[in-house]
Amino acid sequence: MELHGKNIIGAAESVEPAGDGFQAKNPATGASLEPTYHDATQSEVDRAYGLAVAALPEIKKLGREARAKLLDCIAEKLDALGDEWLERAEAETGKPVGGLKFERGRTTNQLRMFAAFVREGSWTGARIEHADSERKPLPKPDTRMLRIAVGPVAVFGASNFPLAFSVPGGDTASALASGCPVIVKAHPAHPGTSEMAGRAIAEAVAECGFPEGTFSLLHGTGHEIGLAMVRHPEARAVAFTGSLAGGRALFDAAAARPSPIPVFAEMGSTNPIFVLPRAAAEYGTAIAKGMRNSVTLGVGQFCTCPGFLVGMESPELDGLRGQLTEYFEGAAEQVMLHSGIRSNFARGVERVAGVEGVSRAGDDLTDAGPGGATVTAVLFSTDAGTFMDSEEIRDEVFGPSTVVVGCGSRDEMFAMASSFEGQLTATIHGTPEDLEEYADLVGILEEKAGRVIVGGFPTGVEVGDAMVHGGPYPATTDSRSTSVGTAAIERFVRPVCYQDFPQSLLPLELQDDNVTRILRLVDGEWSTA
Ligand code: NAP
């Protein structure tokens, strides 16, 4: 596919030259990649929203089955991009094609999963309470509730998953599934990968007979374009994956609007792993190997990368620490997504290394390679007291590093667990006896994290009905939702009550016939009848 370097606004490709433009850079070689992209302008943002607003009622009329077909069609179009899409993503992000193949599967499966979910329909939350004209002292009205699309959603593509959390990722899939038009801000680190996906989605929109404003894609390198998307009066919700600074800036901008809108920002976390004493003794080696693999997977650039391993000071923890030190000192070089992320990583490593009471093993990070993005993994070690006294250690270091923390007692481990801020995940490794003895740890961790894991590792997020990829602030700006799995749709719907409506005026899901047989709460009883 010949890349055009243009914004996609509905059915049109558009470029209103603003500034000098920018090109993607290969993080492994430093080479610039054609073509040149330009920051979108305010008038392009306005046009995208104008089309999105016009599209909303049309999308509603097309209904659930048509939306499901659109999602399936997008998945097909993405598959049809073939290896060219993956090769461009590799050139822009340094992620190897092998891993990107897996990510593409995840992306298209996710779209197909949402298609099936939209068809099934129970997520619309239909509820019916029939009227009772005989009720005393007042007659009861007929009330029916349904969740409908909120309106245009601004989606921010993430840098670390150029396919699965970017233009065609979970945010776009769940917003389209809910019936919302979507305007995506492409991540400036992989504009070509974004353009290819954007053009596939726009093609699917046209082929499935959806209005052109169903989808638009805007490029930009500065903060202005993203802020303009969030501040636009027609925006109704925002979905974001990225840094705490970025997510927080967009959240504040959304809250400061004359009409505030929700921001679902997933901003990462440190994903602590608690290793209980018997587990450390019985399978410490397996934990050390799993930890190494999880920390270095994707060059540590997963929001679920485990940033801490917490154990009870003991010869067994010493053994585990020793094995990890050996692994990290022998770790291979890897290329991060871009030189900016690598600089942030190096700054974070220096910040932690500078804390008194912290020791370090692994890379000295002196050689950034030709693309300025090369690293090897770093291991830190400290004690619980130092951890609890130092914010410098607690903040996320995005990249392949982790800190082993030794606790002097069970109470100290509980105090340490309580001191963590909101997390996407928290993990416990323990034998059945450990889990019984440390049962209160589960209670502490479920207050902290969106997902609590026993015996595994947090990387490799299952995409399904029961997944929660969310958590209390600062992991996200809204702990009531998830950005992965079918429940992500709930971010983009709002309930409407239809009172005393004639059947003909009601949405299909609320009519007495229930022709699509969705599960509904009817006069207090769940039923598909
Ligand atoms: P980022 O800086 O948060 O950028 C993500 C997107 O948000 C980009 O499109 C960026 O566009 C926009 N943005 C950022 N700050 C903004 C602001 N103040 N106002 C308006 N728009 C803003 O993330 P990144 O470039 O992917 O990586 C930088 C750091 O983010 C990493 O070093 C890492 O710490 C963290 N990160 C976390 C996750 C995670 O999973 N939670 C994923 C990736 C990165 P512009 O740059 O064009 O403004």
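User: Which cysteine sulfur is closest to the sulfur of Cys73, and at what distance?

Analyst: This is a predicted model, in which local features need pLDDT of at least 70, side-chain atom pairs count only at pLDDT 80 or more, and totals for chains, interfaces and linings use all residues. Residues are numbered from 1 along each chain as its sequence is written, and side-chain values use heavy atoms, with hydrogens and water left out. A disulfide is taken as a pair of cysteine sulfur atoms within 2.5 Å, and the separation found for Cys73 is too far for a bond. The closest cysteine sulfur is that of Cys208, at 3.7 Å.

User: How many disulfides does a search of the whole structure find?

Analyst: Cys303 is in no disulfide, since the nearest cysteine sulfur, in Cys305, lies 9.8 Å away. Cys303 is also buried at 7% relative accessibility, where buried means under 20% relative accessible area, exposed over 50% and partly exposed in between, with a 1.4 Å probe and protein chains only. For the whole structure, the search finds 0 disulfides.

User: In E18, which residue is the bridge partner of Leu379?

Analyst: Strand E17 (residues 378-383) pairs with strand E18 (residues 401-407) in the parallel sense, over 6 bridges. The bridge partner of Leu379 in E18 is Thr402.

User: Is Val153 buried or exposed, and what is its relative accessible area?

Analyst: Val153 is found in strand E7 (residues 153-156). Leaving aside residues up to four places away in sequence, Val153 touches Ala175, Cys180, Pro181, Val182, Ile183, Ala237 and Phe492, where contact means heavy atoms within 4.5 Å. Val153 is buried, with a relative accessible area of 0%.

User: Which residue follows helix H2 and has a positive phi?

Analyst: Helix H2 (residues 82-93) has buried residues that include Trp85, Leu86 and Arg88. The buried residues of H2 pack against elements among which are helix H1 (42-80) and helix H3 (97-120). The residue after H2, with a phi near 80 degrees, is Gly94.

Conventions. Two strands pair if DSSP finds at least two bridges between them. Helices (H or I, at least four residues) and strands (E, at least two) are DSSP runs, numbered from the N terminus.
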